[in-house]
There are 2 protein chains.
Amino acid sequence: MTEPLLSIGAPRAERADAARNRQHLLATARAMLASQGAAALTMDALAEQAGLGKGTVFRRFGSRAGIFQALLDDDERAFQQQVLSGPPPLGPGAPPLDRLIAYGQARIDFLLRDREIARHALDGSQPIPAGSSTPLSRLHIRSLLGQLDLGPADLDVLAMQLTAALDGPLLLYLSADLLNGPAPAGDRPGPAALDRVSRGWQDLVTRIATPSPGPGPGPP
Amino acid sequence: MTEPLLSIGAPRAERADAARNRQHLLATARAMLASQGAAALTMDALAEQAGLGKGTVFRRFGSRAGIFQALLDDDERAFQQQVLSGPPPLGPGAPPLDRLIAYGQARIDFLLRDREIARHALDGSQPIPAGSSTPLSRLHIRSLLGQLDLGPADLDVLAMQLTAALDGPLLLYLSADLLNGPAPAGDRPGPAALDRVSRGWQDLVTRIATPSPGPGPGPP
DNA sequence: GGCATAAACGGACTTTACCCCGCTTAGTAT
DNA sequence: ATACTAAGCGGGGTAAAGTCCGTTTATGCC
């Protein structure tokens with residue numbers, strides 16, 4: 001034997017042609033998405049447009065939801081880049097609470113832009129539903145919470161709950177109508193709904209960050 | 001004309017046979033789910049088991065996710081019944097904050113029991129994803145928040161965020177492994193994860209309910 | 001009871017996600 | 001260079017979701 005025993009941890013890097021095809025497929029998918037919408041993005045159509053076999057598409061992404069997850073992952077990485085190295089209220093340099101507020105508002109914008117992708121990335125039959133799409137957000141929130149001076153609290157769980165409070169409305173609860181062009185008849189405003197969610201986030205984290213005198217339960 | 005103009009608001013009640021078939025299909029679906037799991041619950045199989053045509057199944061539920069949504073809706077209604085008329089910490093009679101805490105813990109249990117149904121009820125391609133599955137929860141939380149003496153806050157939005165904080169972990173983030181029989185090797189505990197979520201909820205709402213001195217933004 | 005009508009039904013048909021497996025090719029060790 | 005091997009590729013095959021439309025049936029009205 002050479003030394004395969006040590007390389008078990010690293011599942012061997014993707015082959016060059018495979019990586020090229022992945023990029024090409026993602027770009028093609030994005031183009032189709034922009035020009036024809038998510039409904040037209042079928043596996044067959046994508047394979048044909050990209051000039052590749054259907055089997056290749058499945059090998060790369062596993063499932064239809066997998067494509068959307070990959071697209072979302074990509075966008076999320078770019079977004080996090082801005083968060084980690086952008087100007088202060090969002091990027092580093094501001095006090096943690098301000099950053100948390102700014103982060104929430106930025107993520108709401110982000111999810112609004114990517115709502116179609118994000119929703120299609122959900123997959124109820126998958127063992128780990130959200131895949132690797134949200135951990136980044138959770139980690140960042142977790143990090144900011146750590147810098148905040150909360151009392152005894154389970155920061156990991158709290159980060160998960162706040163992530164859900166941020167993602168949930170746009171992914172699960174707010175209707176598509178409301179998020180697109182809402183009130184056709186001049187009754188309820190509608191586009192203000194997002195402002196409300198944004199303000200709600202500010203209020204939520206402000207309340208949480210306020211040192212409460214009550215006896216907080218700690219993690220075991 | 002007779003008077004169809006006034007009856008526009010009420011889309012005409014479901015015909016008796018249709019209602020019977022709906023019940024029968026739900027019961028059959030539940031039986032199949034219990035005996036063979038969600039994967040075996042295909043539209044064809046359900047139709048055959050129930051002795052009905054496939055077209056009927058689709059007419060009643062619209063899609064596969066629709067069946068799970070109907071099942072979840074059903075269970076949720078029963079659950080809410082307990083909430084509205086059960087013994088105090090959960091049911092009426094206790095102070096709002098205590099009820100809110102108890103509600104969260106009860107709902108975590110509920111979602112844990114129905115996790116397979118709830119996850120399959122998600123449908124990323126639907127205009128209104130969660131359909132009518134969560135409004136009940138949101139309404140109840142909203143109601144309790146109203147009884148709490150929070151400062152100026154957008155209670156509707158806050159209720160939505162708390163609903164997400166409650167549903168999100170079990171629906172989106174916690175892996176299926178963790179929720180089923182977790183730690184095979186005796187390393188990390190795992191089942192304690194749910195306790196942590198439960199405690200986290202208590203901590204979260206306690207913090208929120210604590211009157212914060214900061215200037216809270218109000219709804220427009 | 002008989003009739004009109006809208007709803008419901010059934011099952012063949014179409015589309016689409018996903019699987020499989022023989023063939024090809026990029027990386028690697030000699 | 002050459003040979004070896006694991007990864008990648010392709011596209012036909014399967015099964016399940018979702019659609020359509022001709023037929024049947026419940027329900028309200030005379």
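First, the ground rules. This is a predicted model, where local features need pLDDT of at least 70, side-chain atom pairs count only at pLDDT 80 or more, and totals for chains, interfaces and linings use all residues. Residues are numbered from 1 along each chain as its sequence is written, while chains are lettered from A and ligands numbered from 1 in the order in which they are written.

Start with DNA strand D. It has 23 residues around it, and near means a C-beta atom, placed from the backbone, within 6 Å. Gly53(A), Gly55(A), Ala16(B), Met43(B) and Ser63(B) are the closest. Which helix supplies the largest share of that surface? H3(A), with four residues. Helices here are DSSP runs of H or I, at least four residues, numbered from the N terminus. By class, count five nonpolar, seven polar and 11 charged residues. Nonpolar is Ala, Val, Leu, Ile, Met, Phe, Trp, Tyr, Cys and Pro; charged is Asp, Glu, Lys and Arg; the others, Gly among them, are polar.

Now DNA strand C. H3(B) gives the most, five residues. The classes: five nonpolar, seven polar, 12 charged.

Last, Arg99(B). It sits in helix H5, residues 96–113, of chain B.

Technical notes: Helices (H or I, at least four residues) and strands (E, at least two) are DSSP runs, numbered from the N terminus.
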